[in-house]
Number of protein chains: 2
Amino acid sequence: MKEYYLGLDLGGTKILTGLADTQGNIITRSRKETEANLGEDKIIANMIETIETVIEKAGVKKEEVKTLGIGSPGPLDAQKGIIIENSNLPWKNVALVERMESALGIKTILKNDANAAALGEKWFGAGRTVDNMVYLTISTGIGGGAVINKELFTGINDNACEIGHTVIDPDGPLCGCGNHGCLESFASGTAIGREAREAAAAGKSKKMLELADNIVEDIDAVICAQAAYQGDQAAREIFEKAGYYLGIGLGNVVNIFNTEMIILGGGVMKASDLFLDQALATMKEIALPGPLEIVTVTEAELGSDIGLMGAIAVAMEDKLMKNE
Amino acid sequence: MKEYYLGLDLGGTKILTGLADTQGNIITRSRKETEANLGEDKIIANMIETIETVIEKAGVKKEEVKTLGIGSPGPLDAQKGIIIENSNLPWKNVALVERMESALGIKTILKNDANAAALGEKWFGAGRTVDNMVYLTISTGIGGGAVINKELFTGINDNACEIGHTVIDPDGPLCGCGNHGCLESFASGTAIGREAREAAAAGKSKKMLELADNIVEDIDAVICAQAAYQGDQAAREIFEKAGYYLGIGLGNVVNIFNTEMIILGGGVMKASDLFLDQALATMKEIALPGPLEIVTVTEAELGSDIGLMGAIAVAMEDKLMKNE
């Protein structure tokens, strides 16, 4: 009997689902609006619809589908298969694994999205040659996942690797988590947007204002990057400052995890040429010689498929480990 | 045939060696000056002497001794069994494992002292009930070791868990590693001593000066603690400040490792009532709800035997894992 694996990338705005063969090649895929505003039951119905679509399109029997992997923003309890809460989805303590299993009859595994992405890069992306790596996503927030001796390091209740919420300067900006000076408050897309609006409001960047049609509130990290690429000095400095703090975070990751590789992904990395050199220079200052010697920092390979490939890697993890 | 295990705690001033039974009970022990100033060959000869002493005193046959575990300050390459360098010992790139094995005919395993101590607390100390823990030693410096799923997390070249050298405030004091604002530069015994000397030199503490016979240079963390216990306000504030920064470090550890337990050891912990409440309060602010919920912070149990029991745990690790 043939074997197939399902991956589902659950986002606040869209659901991305794929059916993969035993090599992790996506055979069929389906995309649907999450329709988060319509509530829990509708979201789950949409998820199931995408799954039925990919199975049907592939002409595969349901019994041939071994496992469904779901990557979702947290906080969640992966062991219990429960999404505890989610700022983008209107639910609380949803027993997602149980509901999917009873609806589909397919074994389901839930992981937080950063952990799933780390696993995706380990098995199908930049990390495929190494057994020890840390993945950092630099996006709206900063999330992380680590693979140690090939295995996802989840922590005791799936909260490990919250590297975005390590404090690197207690006098720093207020973070979404309520603390001051988390890595995320300095180097995420949100942080870059905040700095950009402050700079524009202070009259330091006509370019950013111009790009936002003079509406300061519309300035975000994307506009800041556009301005920087057009030579705007204030915008460039904002990215360099973010790079400096990211470098502190990377240096700390090197000194704590001592992995062969650090993989950087997330939307902000599209503008990596604006901050990565600074980040690496700062990282090299902070990292101790022993762990620095052995580490490579590289960009994620899976691009916009990272969520989906991560979810597929979650579904396939046991098999991938056995095949090694 | 009976089985015994050797542990050797290699320090800059003394060598502490013990022979243990299969339960980890120390049967015989030996202590000798390291005599680091007399060079590599003499240090190794002293190590061997302590080992021969404990074997002889116990009336055990050398063939009954399965493994020798050595805990040593780093940096070292545990896999290759090489001590790369050491600020307290006059050697560089010493193939210690090879030399001990050829001299004794006993399988030898080398680990850095903080990792060995973590393993000691895991198997014989405060961590014996948990499978996931981080050990932090707050001493002259701040070192760390983590146990994940019962196994020591060493990193790819034995440099993991250098939590003392994570930057928590880039504007902080100069650290021994060359960076500014490492955890160690705020909360180690060295940092407390530095702050105490500064306070005394600035005329903020007559008590500390008095305790040091008016020699500012003689003021250290021990004198600062004495002054604090005698009600000296400046000394108390120094410990509270150290506690605040330790709390940031602990919060970061909680958010990164998501373990069941954090165990605190090292000489500075003798004055834990001067700073631990502050540290825990700050940790609770910084830690995210998910990982905070599950973690317990506790003091190390092995006291002055932690180095020796750690080395014995290094020797016995394979056996202890199998017995589980």
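Which residue stands opposite A:Leu76 in strand 6 of chain A? Here are a few notes to get you started.

1. Ground rules. This is a predicted model, where local features need pLDDT of at least 70, side-chain atom pairs count only at pLDDT 80 or more, and totals for chains, interfaces and linings use all residues. Residues are numbered from 1 along each chain as its sequence is written, chains are lettered from A and ligands numbered from 1 in the order in which they are written, and side-chain values use heavy atoms, leaving out hydrogens and water.

2. The sheet. A:Leu76 faces A:Ile83. Strand 5 and strand 6 (residues 82-85) of chain A run antiparallel, with two bridges between them (strands are DSSP E runs of at least two residues, numbered from the N terminus; two strands pair if DSSP finds at least two bridges between them). In chain A, the order 5-6-7 makes an open, antiparallel sheet of three strands. Its edges are strand 5 (76-77) and strand 7 (92-94), each pairing on one side only.

3. The interface. Chain A and chain B each put 39 residues into the contact (heavy atoms within 4.5 Å). Between them they bury about 3000 Å², 60% of it on carbon and sulfur atoms (buried area is the accessible area, 1.4 Å probe, that two parts lose on being put together, summed over both). On the chain B side, B:Ile156, B:Ile256 and B:Asn258 lose the most area to chain A, together 21% of what that side buries.

4. Looking for them across the interface of chain B and chain A? The rule finds zero (a side-chain nitrogen of Lys or Arg within 4 Å of a carboxyl oxygen of Asp or Glu).

Definitions and conventions:
Helix = DSSP H or I, 4+ residues; strand = E, 2+ residues; numbered from the N terminus.
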